[in-house]
Amino acid sequence: MLDEQVVEAVYNAALEYIYSVVPPKLIEDLDIVVGLDEGEVTIEVRLVTSRPGEVDQKTVDEAIKVASEKADELMRKV
């Protein structure tokens, strides 16, 4: 699997998770950055909504967890 495919799949996993728990109309700002360097995947997520900050942080933490699991799964296949 190409690096670009891994990055795209991990990005999509995070995005799909966030959209599954946060209605899009509540999302004011969303940034997802996925990097791959020498077999190491990094994931950063910033979410701003009209909901309380602690709710957003829990969503971000879970999105990173889901994306990390996807990254681990894909990297085992490489």
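Q: Let's start with Thr59: is Thr59 buried or exposed, and how do I tell?
A: The general idea is to compare the relative accessible area with a cut-off, and under 20% counts as buried. In this predicted model, Thr59 has a relative accessible area of 7%, so Thr59 is buried.

Q: Where is Thr59 found, and which residues is it in contact with, leaving aside neighbours within four places in sequence?
A: Thr59 is found in helix H2, which covers residues 53-77. Setting aside neighbours within four places in sequence, Thr59 is in contact with Tyr17, Ile18, Val21, Val22, Leu47 and Arg51.

Q: Which residues of H2 are buried, and what do they pack against?
A: The buried residues are Asp56, Thr59, Val60, Ala63, Ala67, Ala71 and Leu74. They pack against helix H1 (3-21) and strand S2 (40-49).

Q: And how do I read the other helix: which residues of H1 are buried, and what covers them?
A: Take it the same way. Val6, Val10, Ala13, Ala14, Leu15 and Ile18 are the buried residues of H1, and their cover includes S1, S2 and H2.

Q: What does Tyr17 touch, not counting residues up to four places away in sequence?
A: Tyr17 is found in helix H1. With those sequence neighbours left out, Tyr17 touches Thr59, Glu62, Ala63 and Val66. Take Tyr17 and Val66: 49 residues separate them in sequence, yet their C-alpha atoms are 7.4 Å apart in space.

Q: Is Glu38 buried or exposed?
A: The cut-off for exposed is over 50%. Glu38 has a relative accessible area of 79%, so Glu38 is exposed.

Q: Stepping back, how many helices and strands are there, and in what order do the elements run?
A: The protein has 2 helices and 2 strands, running α-β-β-α from the N terminus on.

Q: What does the radius of gyration say about the overall form?
A: Compare it with what a compact globule would have. With 78 residues that would be near 12 Å, and the protein has 13 Å, which agrees. For the outline, the C-alpha atoms fill a box of roughly 40 × 20 × 15 Å along the principal axes.

Q: How much of the protein is buried, and how much of the contact set joins residues 24 or more positions apart?
A: Buried residues make up 28% of the 78 residues. Among contacts with a separation of 6 or more, 51% come from residues 24 or more positions apart.

Q: Last one: what about surface and charge?
A: The accessible surface comes to about 5100 Å², and 49% of it belongs to carbon and sulfur atoms. The protein carries 8 positive and 18 negative charges, and their mean positions are 9 Å apart.

How values were computed: Residues are numbered from 1 along each chain as its sequence is written. This is a predicted model: local features need pLDDT of at least 70, side-chain atom pairs count only at pLDDT 80 or more; totals for chains, interfaces and linings use all residues. Side-chain values use heavy atoms; hydrogens and water are left out. The radius of gyration is taken over C-alpha atoms; the globule rule is 2.2 Å times the number of residues to the power 0.38. Buried means under 20% relative accessible area, exposed over 50%, partly exposed in between (1.4 Å probe, protein chains only). Contact means heavy atoms within 4.5 Å. Accessible areas come from the Shrake-Rupley method with a 1.4 Å probe; for residues, only the protein chains shown count as cover. Lys and Arg count as positive and Asp and Glu as negative; His and the chain ends are not counted. The place of a charge is taken as NZ of Lys, CZ of Arg, CG of Asp or CD of Glu.
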